[in-house]
Amino acid sequence: MAFLDRRDAGRRLAARLRQLHDTDAVVLGLPRGGVPVAFEVARTLGAPLDVIVVRKLGVPHQPELAFGAIGEAGVQVLNEPVIEGAGVTTVDMSAVEDREREELRNRGERYRRERPRIPVAGRTVIIVDDGVATGATARAACQMVRAQGAARIVLAVPVGAPDALAALSKEADEVICLEQPSRLHAVGQWYYRFGQTSDSEVTELLRRAAERVAAPLTVLTADPPLRDDEVRVIAGKVELAGHLTIPERPIGMVVFAHGSGSSRFSPRNRYVASVLNQAGLGTLLFDLLTVEEEIHRARVFDIELLARRLVEVTEWLTRQQHIAGLRIGYFGASTGAGAALSAAADPQVEIAAVVSRGGRPDLAGDRLADVHAPTLLIVGGHDNVVLELNQRAQAAMSCETVLAVVPGATHLFAEPGALEKVAELARDWFVAQLGPIAAVQSEVGTSK
């Protein structure tokens, strides 16, 4: 799973589309699931948001085979080879189009209410969906927009099948896709949360977007991040992939160390990171091992190697723009917690706080006694074995250490509200330890 939800996917997609800011672009979301993604893109680009309602025209005896498509404003696109090959008559075509045209009109009115359709003629049009499997709907959307006079068409999706995207490159002027798995069985497999988007949600997002465009100074409250992009870090002889987010006016930075079998795409860690970002904390999620190294299970539990990589990445982070003067913390999960605590004990880096989620701090071994950073150990109440290991680790540590137990939670905190509680605990701990007040207290303590 690469994306937490459609909102997360939209924000990441928007980061790839920043070059289209101030280009008189209009963003069109394919209802319903594409609209939450498109909303984030439009918000970031400061562009108007609308829906593009299209309906395929299916061959009467084979509805999945489209002989054309229709869109609003009377636009019609026909596939002559299919019409001829399937023997579709004029009467057949009229009957199918009349039925689909009625549904098209109902959906347009339902979504926009009293708001007029945004014209696209002569403009750059960004068509957004939550993913592309076969590409049939996206293809119809591109054809519709082309017929309406768009100057340039950009199809943007978080995830898509490579063969479908290749075919769509003939319909759009540019295709942008963040993830292209070789086997895409279902778009929803790439989302942690992929519930159905309702008509009311589509309507509400369109309303909010229209109000933002009409009064951007009063509606747009969140500043865009200083950085929100993929990075590559050289650690020793390998190159590691990561994702760096630095919010506007950051108060501190948190480096994530994921557990064995996970990656920077961990939906749980990414959810926690999003909560930290909203509190003004920057985050760096990165892969501790390369793809080739992950195959060897011994590397996954090589805490010394993982800790060394964490130290090297931390040193890289301190040299990045906007980081100077910021205090840094570690967030470790599972085996990553052992690596985080071991790295925090390394004199090469100055770590101001550590949080462990369902972690294995015991894997840090003798280095636990050398950790000076205030540490929060978060464990599920029903994660009995790990809870005992954390209690023993706490007893071996001499720094400020708090053990927080989330009632009813198991190792992965999959229970309703459990992960939210973890994020809240981590946020409050890091804000207290990394924020401006903590920094002033540290300076005062140093001067004494």
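This is a predicted model: local features need pLDDT of at least 70, side-chain atom pairs count only at pLDDT 80 or more; totals for chains, interfaces and linings use all residues.

Visitor: What makes β1 largely enclosed by the rest of the structure?

Guide: Buried means under 20% relative accessible area. In β1 (residues 25-29), 5 of the 5 residues are buried, so the strand is largely enclosed.

Visitor: How do you know that β1 and β6 pair?

Guide: Pairing needs at least two bridges. β1 and β6 (residues 124-128) have 5 bridges, in the parallel sense, so they pair. Gly29 has Val128 as its bridge partner in β6.

Visitor: What makes β1 and β2 a pair?

Guide: The cut-off is again at least two bridges. β1 and β2 (residues 49-51) have 3, so they pair, in the parallel sense. Gly29 stands opposite Val51 in β2.

Visitor: Which helix makes a β-α-β unit with β1 and β2?

Guide: Helix α2 (residues 34-45) does, and the unit is right-handed.

Visitor: Why are β9 and β16 called edge strands?

Guide: Their sheet is open and has 8 strands, in the order β9-β10-β12-β11-β13-β14-β15-β16. β9 (227-235) and β16 (401-406) each pair on one side only.

Visitor: How do you know that β11 and β13 pair?

Guide: They have 5 bridges, and at least two are needed, so they pair. The sense is parallel. Phe256 stands opposite Phe331 in β13.

Visitor: Which strands does helix α9 touch?

Guide: Helix α9 (residues 267-278) packs on the sheet, touching β10, β11, β12, β13 and β14. Its direction makes about 160 degrees with that of β12.

Note on methods: Residues are numbered from 1 along each chain as its sequence is written. Side-chain values use heavy atoms; hydrogens and water are left out. Helices (H or I, at least four residues) and strands (E, at least two) are DSSP runs, numbered from the N terminus. Contact means heavy atoms within 4.5 Å. Axes are lines fitted to C-alpha atoms, for helices over the stretch in contact, and angles run from 0 to 180 degrees between N-to-C directions. Buried means under 20% relative accessible area, exposed over 50%, partly exposed in between (1.4 Å probe, protein chains only). A crossover is right-handed if, with the strands pointing away from the viewer, the path from the first strand over the helix to the second runs clockwise.
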